[in-house]
Amino acid sequence: MKHLEATPPLPIARGEGPWLIDYEGRRYLDAISSWWVNLFGHCHPRINAALRDQLDRLEHVILAGCTHAPVVELSERLARLTGLGHAFYGSDGASATEIALKMSFHFWRNSGQPQKTGFISVQHGYHGETLGALSVTDVALFKDTYAPLLRHTHQVQSPDWRLAEPGESAEAYALRAAADLERYLEQHADTTAALIVEPLVQGAAGMAMHHPAYLQKARALCDRFGIHLIADEIAVGFGRTGTLFACEQAGIRPDLLCLSKGITGGYLPLSAVLCSEAIYAAFYDDHTARGFLHSHSYTGNALACRAALAVLDLFEGGKVIAANRDKAAHLTAMLAEVADHPRVTHFRHLGMIWAFDVKDAKPGFSRTWHERALAEGVFMRPIGNSVYFMPPYVIGEAEKHLIVRVSRKLLAMPD
Ligand SMILES: *Cc1c(COP(=O)(O)O)cnc(C)c1O
C-alpha cells in the first residue's frame, strides 16, 4: 500500500487489442497479457459479440440440478481437446488447484487407500494462494507468513534448466531432477496422493523453463508408484507454450488437468478441472458422501463458458498456433541482440513467452524496470531479476519492434 504512493496504479479507461489506454489517452502495450490471462487482445469483436448474444439469453443459472448449452458444449469440446472426459468448474486458478487436490485425495479414500494424503510439488512452483493451493506453492514471499496455517507438502528438485551444470543439456538436467522425485516416491508413494506440476514453464518462478523429458519421466513414475499426476496448465494452457496444451509437447496425459486464466481469453473468471474416466468412476456411487461434494456459487457460469467457447472458435478458425509459431520465431530473431547483451543471462523462449535474467540487478530492480518501461509505453512486471514478455497473441510488427527497443533501452540504463 505504501509503494502505491510512489507508484500509483495506472487508471485504465479502455483496452484495444494488445493496448491499454489511460484516461489521458496514453497507450501502454500490455506485454504481460494482464497477468497472463489475455490471449486475443482486449475488446475482441468476436468475444464481445458472443457475450452480447449470451447476455440476452442467460447470464447464469445454478449448476446443481440445472444445466445450459454453453457449459455442455464447453465440456464436450475440452474433452475432445484434452482426452479427459469429465469437467468440474471453479471460478479461478486457485479454486482449480483446490478441486484437483481434494479430488485426488478423495479418489484414494473411495478406493480403499485413505492413507494417501500427501502431495508433492516442484521447487519454486506456484499453484495459487488459497490455503490448500498455497500448501503446494513454493514461493517464500507468498508462503512464509502463512506457514502456520498450511499443510505440510513435499517439494522435489526443480527441473528449471538454469540449474544445469555447465555443459549439461536441458534434457540431461531434467532427468537428473526427475531422479529426486523417484527417490522420494520409493520411500513415500504409499502415503502420497498426487504430484502437481506446471508443465514446461513455471511462471511465478520467473518463467523457469524445463525440458519435456521431465514430464515424461514424471508420468512414468506416477504410473509406476500409483499416484496421480496433476498438470497445472492454468498459465501455460491455450497455446501459450506453442501447443494448445503444454503436456502435448511431452506426449503425456495427466490424470487431472487444471485450466483457467486464458480459458475465457482474459474476459471472465472461470476454471475447469478435467479428469480421467478412472477418477470419475471412483465417485460414481449411490452414497452421497462418496460423491465429490465441492461447490462454488458461480460454477459453470454461462457468460464465462460462452467466452471460453468464443476463444475455442478463434483457435479453430484462425490457425492461431501456426501463426504464433511464425510470429514467435521472428520476435526471437529480433531479440538476438538482447540475448547476447552483456547484462543478460539465461535468455529463454517457448511459444509466446520470452524471458531473460539481468545479472547485475540491484534490490528494487523489478520496480525500477516497471516504471521505466511504463515511461516507454510498455506495461511489464519483472519477477525478481527475470524480465519477461508474455504478450497477447495479436501483437503485430509495431509491437514487436517496441518490445525490442524498450529492452535495449532499459538494458542500457544503469540500475
Ligand atoms: C495464476 C496461477 C494460478 C492461480 O490462479 P488464480 O486465478 O490467480 O487463483 C495457479 N497456478 C498457476 C500455474 C498460475 O499461473
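Biologist: How far is a nitrogen atom of the ligand from a polar backbone atom of Tyr-126?
Modeller: That distance is 3.4 Å, which falls under the heading of a polar contact (a pair of N or O atoms within 3.5 Å; inside the protein one must be able to donate a hydrogen and the other to accept it, and residues adjacent in sequence count only if both atoms are side-chain atoms). Please keep in mind that this is a predicted model, in which local features need pLDDT of at least 70 and side-chain atom pairs count only at pLDDT 80 or more, while totals for chains, interfaces and linings use all residues. Residues are numbered from 1 along each chain as its sequence is written, and side-chain values use heavy atoms, with hydrogens and water left out.

Biologist: OK, and what does Asp-232 do with a nitrogen atom of the ligand?
Modeller: A polar atom in the side chain of Asp-232 sits 2.7 Å from a ligand nitrogen, whereas Ala-94 uses a backbone N or O atom, placed 2.8 Å from an oxygen atom of the ligand.

Biologist: How much of the ligand's accessible area does the protein cover?
Modeller: On its own the ligand has 380 Å² of accessible area, and the protein covers 82% of that, with areas computed by the Shrake-Rupley method using a 1.4 Å probe.

Biologist: Switching topic: is Ser-407 buried or exposed?
Modeller: Ser-407 is buried, since its relative accessible area is 0%, and buried means under 20%, exposed over 50%, and partly exposed in between, with protein chains only as cover. Ser-407 belongs to helix H15, residues 397-411, where a helix is a DSSP run of H or I with at least four residues, a strand is a run of E with at least two, and both are numbered from the N terminus.

Biologist: What does Ser-407 touch?
Modeller: Setting aside residues up to four places away in sequence, Ser-407 touches Leu-335, Val-338, Trp-369 and Phe-389, where contact means heavy atoms within 4.5 Å.

Biologist: And His-211, where does that lie?
Modeller: His-211 lies in the loop between strand S9 (208-209) and helix H9 (213-225), and it counts as partly exposed because its relative accessibility is 25%.

Biologist: What is in contact with His-211 there?
Modeller: Beyond its neighbours within four places in sequence, His-211 is in contact with Ala-170, Glu-171, Ala-174 and Leu-200.

Conventions
Buried < 20%, exposed > 50% of the residue type's maximum accessible area, 1.4 Å probe, protein only.
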